[in-house]
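These are my notebook entries on a single protein. I record here what I looked up and what I found.

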Amino acid sequence: MALRSRFLSRPHPQAFPWALAAAVCAAAALVGCATAPSPDAEPAKAEIHARLPGAVGGITTLPSGQLVINYHPFYDPAQKVGLLNAARDGTTPYPNAGWQTCRNADGSQKAPDTCLNWVLGLHTDANGILWLLDSGQAEPRITPKLVGWDTRTNALHRIIPIPAPASLPESQHNDFVVDLKRQVIVIADEGIATGPRGDKAALVVVDMKTGGSRRVLQGHDSVLPDFTRPVTVDQGLPTAKQIPIFVGVDGIALDAQGEWLYYAPLNKGQVYRLRMDDLVNPSLGAEALGARVQAYAAKPNTGGLSIDTAGNLYLTEVGERAIGVIPADTRTYRRLVSDPGMVWPDGVVYAQDGYLYTGAAQLPLAAPLNGGKAENAPPYLLYRFRPLAPGIPGF
């Protein structure tokens, strides 16, 4: 989840058949599964993988396994997206320095399809295309878009604009999934670009064949925050506080079979799911589609979402310095890893080494969310931990 400083400044693991998991991944025709942990692996624990000069928002991998991150747009970073260096203390601009700003040296504005403006979500698909979701919110604002970068040829693959009515002034496109079988990208729009109440949150479905996009489920309970449930931080600690921000649909994940789309608002005690076949069915109207949404499992306030090949869901507890899991067999949420330095874990993603990665963005320590006092500071930590089962690298 990202927040816009502009408006804020204004008013024990279960056993899993790894051979079956490998077969599932092969059948899914995806990049490939992450390496499975050994059967006698220790219980999951978070380890610091990198210390960076800026806050991490989203994370993905190249086919080589190298990590690509986007610096959190809340802080208006000069470098939007970077490739983690060997020392794991910084990044080099990705895909190159020219894409990191929408201003020319003389201050004039670049063509919107040649630069990155406000990036949070990014994922690399099975074809090696790194998709960057540019919500276009930095001034001067631009039409939201998806940028597809071919990581194998190191060249621009495609730009897909997401204009109105799929995008609204309130749109804050946060994260997404790529379904190559159906040739669609599904975006979670939190709906908090112009204020702290995501009452116009929605899913956005982008047709990769035509480039067209449509807005669905806006106003449906499954994408809306619970307006009686503010963001809470460090409950039970001296640093406990509440932040009156209500974020719509935030985390989003597609299972390895491509059957179910899982998603959840940040300020909500529930994860929901919807069959992809229903989501892409143009004959289903708003009411019919909404009736097919299922409440899947209870959860605390959470941000990023990922899923493994066993159907276990991983969620970032943004206010509580922790990552949790909803096992597929119990559908009962529990904490998996935590660390005192994991202040606001945002996105969570698989890499080829079998680890899940997340970054601590420190948003509750930033002045707009901390009573005007800035206590956020580098290094910003990038964590990794062992999941319960393998997953799809880049997602």
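**Entry 1. The cores**

I began with the largest nonpolar core of this predicted model. The core has 23 residues, and those with the most contacts inside it are Val-186, Leu-203, Leu-217, Ile-252, Leu-261, Tyr-263 and Leu-279. I then looked up which elements give two or more residues to this core: they are strand 11 (184-189), strand 12 (202-207), strand 16 (249-254), strand 17 (260-265), strand 18 (270-275) and helix 3 (276-279). I noted the general background that nonpolar side chains tend to be buried together in soluble globular proteins.

I took Leu-261 as an example and left aside its neighbours within four places in sequence. The contacts of Leu-261 include Val-177, Val-186, Leu-203, Ile-252, Tyr-272, Met-276 and Leu-279. Arg-273 is also in contact with Leu-261.

Apart from this core I found another, of 17 residues; Ala-44, Val-325, Val-337 and Tyr-350 are among them.

**Entry 2. The whole protein**

I next turned to the totals. The protein has four helices and 26 strands. Of its 395 residues, 58% count as buried. The protein exposes about 14,800 Å², and carbon and sulfur atoms supply 53% of this area.

I looked up an open sheet of four strands, which has the order 2-3-4-5 and antiparallel pairing. Strand 2 (56-61) and strand 5 are the edge strands, each pairing on one side only. Neighbouring strands of this sheet are turned by 35 degrees against each other on average, direction ignored. Within the sheet, strand 4 (residues 81-84) pairs with strand 5 over three bridges in the antiparallel sense. Opposite Leu-83 I found Thr-92 in strand 5.

**Entry 3. The disulfide**

How many disulfides does a search of the whole structure find? I recorded one. It joins Cys-102 to Cys-115, with an S to S distance of 2.0 Å. Both cysteines lie in the loop between strand 5 (91-93) and strand 6 (119-124), 13 residues apart.

Are the two cysteines buried or exposed? Cys-102 has a relative accessible area of 12% and is buried. Cys-115 is buried as well, with a value of 0%. Buried here means under 20% relative accessible area.

Another open sheet is formed by four strands in the order 20-21-22-23, with antiparallel pairing. Strand 20 (305-307) and strand 23 (334-338) stand at the edges and have a single partner strand each, so one side of each is left without a neighbour in the sheet. I noted that the twist averages 30 degrees from one strand to the next. Strand 20 pairs with strand 21 (residues 313-317) over three bridges in the antiparallel sense. Ser-306 has Tyr-314 in strand 21 as its bridge partner.

**Entry 4. Strands 24 and 25**

Why is strand 24 (residues 345-350) largely enclosed by the rest of the structure? I found that six of its six residues are buried, which is the reason for this description. Strand 24 pairs with strand 25 (residues 356-360) in the antiparallel sense over four bridges. Tyr-357 in strand 25 is the bridge partner of Val-349. The hairpin of these two strands has five residues between them, and in it Gly-354 takes a positive phi near 90 degrees.

Notes. Residues are numbered from 1 along each chain as its sequence is written. This is a predicted model: local features need pLDDT of at least 70, side-chain atom pairs count only at pLDDT 80 or more; totals for chains, interfaces and linings use all residues. Side-chain values use heavy atoms; hydrogens and water are left out. Two strands pair if DSSP finds at least two bridges between them. Axes are lines fitted to C-alpha atoms, for helices over the stretch in contact, and angles run from 0 to 180 degrees between N-to-C directions. A disulfide is a pair of cysteine sulfur atoms within 2.5 Å. Buried means under 20% relative accessible area, exposed over 50%, partly exposed in between (1.4 Å probe, protein chains only). Accessible areas come from the Shrake-Rupley method with a 1.4 Å probe; for residues, only the protein chains shown count as cover. A nonpolar core is a set of buried Ala, Val, Leu, Ile, Met, Phe, Trp, Tyr and Cys residues joined through side-chain atoms within 4.5 Å. Contact means heavy atoms within 4.5 Å.
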